[in-house]
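Have a look first, then we'll talk.

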Amino acid sequence: MKNLIKNFTFTLIILAFASLPAKAWIVDVWTIEGMDAQELSNATAEFKEKALEAGAKMSNIRSSSKIRGDNPQDTTFVHIYYETFEDMMHDIVLTAQQPDIFDSTYGQINQDANSNNAIFGNNKPMPEAGSAGQTVAYAFVEITSGINFLLNMPKFQDVMQAAGAKVVVDSMNCATCGESVLPANGMVYFAAANAADMGEAMDIFATEDIQRWVFANIAPHINITDAGILVFNN
């Protein structure tokens, strides 16, 4: 928690690799290890209320828990959503000028947890910006051929939709990633309204036809560095 408390400012799913559009959808993701999920959820709700009252421009802020993947029992997330980088920078200044917003919420919980941060973006928001109970399966990826990946992602979305998957299939590129995330420069995700829809989508994804398509059209252009499933707490 040391880095989270000292450095938490609104600095978490790939449209263009050279740059993001001026009007984008930004997800500022904090990955936190060693913190109680319920305490984090409560602090997030309190932080949201105080930040918005002070004039924050975030679209939403949510916490989630990792239920599968590396260290699922010890990993939580905070996701802050913005419509533009300008709004994100506004909130960075706001929280720097009014540190009590953070100190009175997140600052009251586990001081020893560790955290790292990454900022992702594309031009389409995640459905409902992480509503409670929403389930997301994600993969942080190193994209080795940007053009081929960009050309095939819309086709992958169509393939899953045609197969009846009740998930949003999308990707985001990394706007700012530290060493803890690199060499990953993107994130591919399935977003479902609930765990049941995610389970059905994963069954569809596991079918022979879908797997053949993915291995022929997506897999050659990425290296997966981390993958998991998370559920939003609040």
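Visitor: About how much space lies in the second largest pocket?

Guide: First, this is a predicted model, where local features need pLDDT of at least 70, side-chain atom pairs count only at pLDDT 80 or more, and totals for chains, interfaces and linings use all residues. Residues are numbered from 1 along each chain as its sequence is written, and side-chain values use heavy atoms, leaving out hydrogens and water. A pocket is an open set of points on a 1 Å grid over the protein atoms alone where a 1.4 Å probe fits, with protein on both sides within 12 Å along at least five of seven lines; lining residues have an atom within 4 Å of a point. With volume taken as the space filled by probe spheres set on points joined across faces, edges and corners, the second largest pocket comes to about 300 Å³.

Visitor: Which residues are closest to the centre of that second largest pocket?

Guide: Its lining has 19 residues, and by class four of them are charged. The closest to the centre are Thr-31, Asn-116, Phe-140, Ser-180 and Asp-226.

Visitor: And how many charged residues has the lining of the largest pocket?

Guide: That pocket has a volume of about 450 Å³, and 20 residues line it, with Phe-190 and Phe-205 among those nearest its centre. Asp, Glu, Lys and Arg count as charged, Ala, Val, Leu, Ile, Met, Phe, Trp, Tyr, Cys and Pro as nonpolar, and the others, Gly among them, as polar. The lining has 18 nonpolar and two polar residues, and the number charged is none.
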